[in-house]
Structures are given as structure tokens and as C-alpha cells.
Amino acid sequence: MTDYNDIELVIKSRIPLIVIESHEESRVVDMMRQIAINIGKPVFKWSITEGLERIDRKMAPQKHNSEPTDVLGHIKAVKSPGLYILTDFHPYLDEPVHVRLLKDIAIEYEQTAHTIVLVSHQIKIPAELAKFSAHTQLALPTKDHLERMVRDVAKEWAEENRGHSVKTDPKTLGMLVNNLSGLTIRDAKRLARNAVYDDGAITQSDLPNITKAKYNLLSQNGVLSFEYDTARFSDIGGFIKLKKWLTERRDVFYGKKEVQHLDTPKGVMLLGVQGCGKSLAAKAVAGTWGVPLLRLGFGTMYNKFHGETERNLRESLKTAEVMMPCVLWIDEIEKGIGTSDSDGGASRRVLGTLLTWMAEKKSAVFIVATANDIEALPPELVRKGRFDEIFFVDLPNENVRETIFSIHLKNRDLDPQKYDVKKLSTAANGFSGAEIEQAVVSAYYSAHAQDAELAMMHLLDEIRQTRPLSIVMAEKIDYLRNWAADRTVPCD
Ligand code: ATP
């Protein structure tokens with residue numbers, strides 16, 4: 001990422017071809033105009049629609065140079081130095097003649113000192129030009145810059161509203177600025193305007209909308225989803241060790257406490273028996289820490305975007321970093337990173353990308369990866385040090401089952417005190433959390449069908465009729481437990 005000074009330095013260091021990938025063309029153009037004035041070079045802007053135009057002085061566009069070949073020929077022929085911004089030139093880089101003309105201009109830099117700046121949302125530079133070029137992205141606005149922008153928006157609103165000032169407090173203003181970071185100034189301004197103009201105030205209630213709008217701006221491919229529905233740990237029975245583990249790390253994750261020799265927590269893997277609350281726990285991490293939850297469906301990414309999985313993963317990780325602090329829940333992690341080489345190495349590369357990112361990550365993006373199928377998990381991923389901890393989520397024990405019954409009765413506005421949850425728990429030996437919930441729901445329906453209040457009888461009947469997974473898949477669960485015994489930490 002580059003800011004104004006860095007770009008000026010690159011230009012001064014006599015690099016003929018500067019490639020800037022950005023959606024903010026007008027910001028780049030303004031910056032270039034200023035730099036060109038500073039270094040005393042005339043500056044021109046070209047687009048296929050407007051042709052070539054000198055922009056440090058007002059002059060009419062030279063329509064005759066609107067064709068890509070013509071404009072490059074023209075630049076090559078000019079003998080006095082100039083800075084040329086070519087906007088959206090990327091489709092024309094496929095033409096050998098354009099590549100050669102650009103190379104000619106670059107080679108002649110010593111004589112003509114032309115700097116060409118290519119600005120597009122995405123540019124792939126041909127190998128012939130790589131050695132003459134510097135590739136850069138525009139730095140995103142700093143917090144100071146964003147705060148100034150928000151204050152300007154507030155001033156604007158005050159002027160339009162007969163001098164009333166925008167109501168806010170420093171803490172909320174700080175949180176707004178934090179939430180806007182990672183966006184371009186144009187997008188951030190739009191969101192700040194939305195927050196101010198609805199009611200002339202910046203309040204806590206504006207913040208979730210900003211987070212949501214920011215997410216919508218960042219994520220277009222649908223692989224990463226913003227989960228509105230988080231949970232609290234009080235919604236989950238068990239998971240005692242995980243809760244404690246997370247509580248101990250909360251302040252370090254937030255950067256509130258800098259503790260020597262303690263790194264920012266990276267993430268955990270939750271591995272275990274189906275229906276025992278792994279997904280619910282991932283949601284509860286975000287809910288408890290009060291940060292957005294982003295869900296990356298590995299299975300979907302792999303099926304829907306076959307061949308582009310790696311790029312999608314990179315983009316999703318970038319989005320997550322912009323949304324930080326956040327929880328990134330990688331659901332069914334084993335689905336996207338198979339252990340076989342049958343797909344031409346694609347899933348291996350995806351694994352490599354993920355592991356490198358995890359190893360280098362300094363950002364407050366906390367990963368919660370969930371998995372059921374240990375057979376499909378590559379050994380590299382579960383090796384010590386990748387995740388901070390691998391938790392094993394087993395079938396709930398007798399006490400935890402009692403809590404789960406209570407939670408699901410309460411969720412349906414029923415008073416657990418009126419039921420013998422201990423007896424229910426004993427009867428539901430071997431049930432997963434999902435099966436307990438299912439039993440409560442089905443019993444509730446049968447009671448309703450009989451026009452009766454839900455009674456112990458209905459619940460016990462349902463329990464008796466269920467053949468839990470622990471019986472159907474006894475062997476598989478035993479295998480999972482054995483595997484987990486010396487590789488993971490139990491959740492309870
Ligand atoms: P899978 O591996 O099949 O995706 P999972 O382990 O992620 O399953 P969840 O999807 O979290 O399990 O569980 C399904 C539902 O079962 C939850 O939404 C919740 O209602 C209930 N449930 C499971 N475990 C618990 C628990 N420990 N406490 C409370 N509810 C639970």
C-alpha cells in the first residue's frame with residue numbers, strides 16, 4: 001500500500017511504468033496532478049472515451065489521440081518529459097503492439113523521462129514490461145483522515161440545518177471511525193453521511209448498520225457471509241473449557257492489554273461429533289466478544305467456484321482483515337482442503353494459502369474452524385501451533401444434557417423448573433444437543449396436537465422413540481474419540 005509520498009518517491013526514482021490498482025480513479029488522478037506540479041512535469045490523462053487531456057492546465061481533450069495505439073505513438077514521439085495517466089488501459093495490454101510501444105517508451109526513459117501511470121481496478125502486466133514497472137495499490141485513508149472527513153460531514157449537516165450541531169460523544173465517534181477503517185474515502189463518506197443525515201446524531205445505533213453496509217461493499221462473491229445471528233454462551237450447554245479459554249484471551253484479542261510474550265490469539269478448531277453445538281459455539285464467540293461474525297463456507301466455495309477457490313479464499317481473507325476485529329468462522333474446513341491430489345493440486349494450494357495467512361497474520365481476525373470428518377483433515381492443519389488450540393466436542397454428559405434441556409425449554413417460553421430435567425437427561429443418554437432440541441420440539445408438537453400443555457410424558461415418549469446417532473454411528477464416534485484423545489483438548 002502506498003501513500004502520496006511513496007508514489008512521489010517512486011516517480012522520482014525514475015521508474016517509467018507505474019501500475020496502480022484502485023477503484024478510486026479520481027483520487028489517483030488528483031494525487032498525480034499534485035505530484036506532477038511538485039516535480040515540475042506536465043500531466044496528462046487518457047481514457048478511451050475522452051482521449052488525451054492535459055490536466056494541470058485547462059485544455060481541450062485531444063480526441064485524435066483517443067485510440068490506444070495512437071496515444072502510445074504520440075507519447076513515444078514527444079521529446080519533453082511528461083506524466084501520463086492511462087485510465088482503464090488494461091484491456092489493451094493484450095495487444096503485442098501496445099506492449100512494444102510501452103516498452104519503447106520505457107527504454108527511452110533516459111532521453112525523454114516520460115512516466116506512464118496505469119490506473120485500473122485490476123491490471124496484469126505482461127512479462128515484457130515487468131522489469132520497467134512498479135506495482136502499487138493506493139493506501140486506505142488513515143484514522144485521522146477518516147475522523148477529519150466525519151467532522152466535515154457533521155459541519156456540512158450543521159450548515160444545512162441552521163447551525164444545529166450533530167450530537168455525538170467522543171467514544172461513539174471513535175467507534176464510528178474504527179468501523180469505517182478499511183474503506184476508501186468515498187465509500188466511508190457515504191456511510192458517514194447516512195449515519196449523520198437520518199437524525200443529526202452519531203449514536204451507538206448507527207454502528208451495526210455501518211458494519212453491515214461496510215460488509216456489503218466489501219464482499220461481492222457470496223463465499224463469505226455476514227452472520228447477523230450470533231449467540232451467547234448462555235445459549236449453550238457445556239463448553240466450559242472453551243468459555244474459560246476465550247474469557248482469558250478477550251482483552252489481548254482486542255489489544256486492550258499488551259502482554260509481553262503473548263501473541264494475539266489466532267483461532268481455535270472445534271472438532272467433534274455432529275450436532276453437539278460446534279456451529280453454535282462459533283456464533284457464541286462473536287456474540288460474547290461483541291464483534292461481527294463472518295462465515296466462510298468451505299464446501300460452497302469449493303463446489304461453486306471450482307478452479308477459483310484459491311483466489312476466493314484470498315479475497316475472503318482480505319475482506320475479513322478489513323472487517324477486524326471479527327470472528328471468521330470457517331465452516332466444514334475439511335471440505336475445501338482435501339488430502340488427495342486428485343484435483344490437480346488445487347486443494348493443496350488452498351491449504352497452503354490458508355496456512356501461510358494464519359502463520360503471518362497479525363490482525364484481530366479470530367478463526368473458529370469447525371470440522372466433523374477427521375479422515376478428510378490434512379495432518380498439516382492439525383499440527384501443533386497452527387491453531388492456538390484444537391477442542392474436541394463430544395456428546396454432552398449427564399449434567400450438560402440437563403442444561404441443554406433447560407435451555408431449549410426456556411427458548412420455547414417453558415419453565416424448566418416445572419420439569420424433571422434430571423430424569424430427562426438420564427433418559428436421553430447418548431443424545432447430542434441437536435437431538436435433545438429435536439425431542440423438545442417434537443414433544444411440544446404432540447402436546448399441542450392433543451391440546452395439552454407439554455408434560456414429562458410427552459418428552460419421555462419422544463426420547464424413547466429416538467435412535468440417537470451415538471447408537472447408529474457408535475463405531476465412528478469411538479474412532480473419533482480415540483483419534484482426539486492425544487491430539488485435542490476436551491471442551492468440557
Ligand atoms: P454439525 O457438525 O452437524 O454442523 P454442530 O456440532 O455444528 O453440528 P450445531 O449446528 O451447533 O451442531 O447444533 C445444532 C443445534 O442443536 C443448535 O442450533 C442448537 O440448537 C442445538 N445444540 C447442539 N448442541 C447444543 C448445546 N451444547 N447447547 C445447546 N444447544 C445445542
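Let me begin with a term: two residues are in contact when heavy atoms of theirs lie within 4.5 Å. What we have here is a predicted model, in which local features need pLDDT of at least 70 and side-chain atom pairs count only at pLDDT 80 or more, while totals for chains, interfaces and linings use all residues. Residues are numbered from 1 along each chain as its sequence is written, and side-chain values use heavy atoms, with hydrogens and water left out.

With that in hand, take leucine 328, which, if we leave aside its neighbours within four places in sequence, is in contact with Leu224, Leu294, Leu296, Leu317, Ala320, Trp357, Val365, Phe366, Ile367 and Val368. Leu328 is also among the residues with the most contacts inside the largest nonpolar core, together with Met269, Phe298, Ile333, Phe366 and Leu381, and that core has 69 residues. By nonpolar core I mean a set of buried Ala, Val, Leu, Ile, Met, Phe, Trp, Tyr and Cys residues joined through side-chain atoms within 4.5 Å, where buried means under 20% relative accessible area, exposed means over 50%, and partly exposed lies in between, with a 1.4 Å probe and protein chains only.

Let me turn to the sheets. Helices (H or I, at least four residues) and strands (E, at least two) are DSSP runs numbered from the N terminus, and two strands pair if DSSP finds at least two bridges between them. Six strands form an open sheet with mixed pairing, in the order E3-E2-E4-E5-E1-E6. At its edges stand E3 (51-54) and E6 (133-137), and because each has a single partner strand, one side of each is left without a neighbour in the sheet.

Inside this sheet, E2 (residues 43-47) pairs with E4 (residues 82-87) in the parallel sense over four bridges, and phenylalanine 44 has tyrosine 84 as its bridge partner in E4. E4 in turn runs parallel to E5, joined to it by six bridges, with leucine 83 standing opposite threonine 115 in E5. On from there, E1 (residues 17-21) and E5 pair in the parallel sense over five bridges, and the partner of isoleucine 18 in E5 is valine 117.

How many of the residues of E5 are buried? The answer is seven of its seven: His114, Ile116, Leu118 and Ser120 point one way from the strand, Thr115, Val117 and Val119 point the other way, and all are buried.

Lying across E2, E3, E4 and E5 (114-120) is helix H3 (residues 68-77), which runs at about 170° to E4, the angle being taken on a scale from 0 to 180 degrees between N-to-C directions of axes, which are lines fitted to C-alpha atoms, for helices over the stretch in contact. In H3, Pro68, Val71, Leu72 and Ile75 are buried. Seen down the axis of H3, these buried residues fall within an arc of 95°, so they line one face of the helix, the arc being that of the directions from the helix axis to the C-beta atoms. They pack against E2, E3, E4, helix H4 (96-107) and E5.

Finally, there is an open sheet of seven strands, again with mixed pairing, in the order E7-E9-E10-E11-E8-E12-E13. Its edge strands are E7 (224-227) and E13 (489-490), each of which pairs on one side only. E12 (residues 389-393) runs parallel to E13, joined to it by two bridges.
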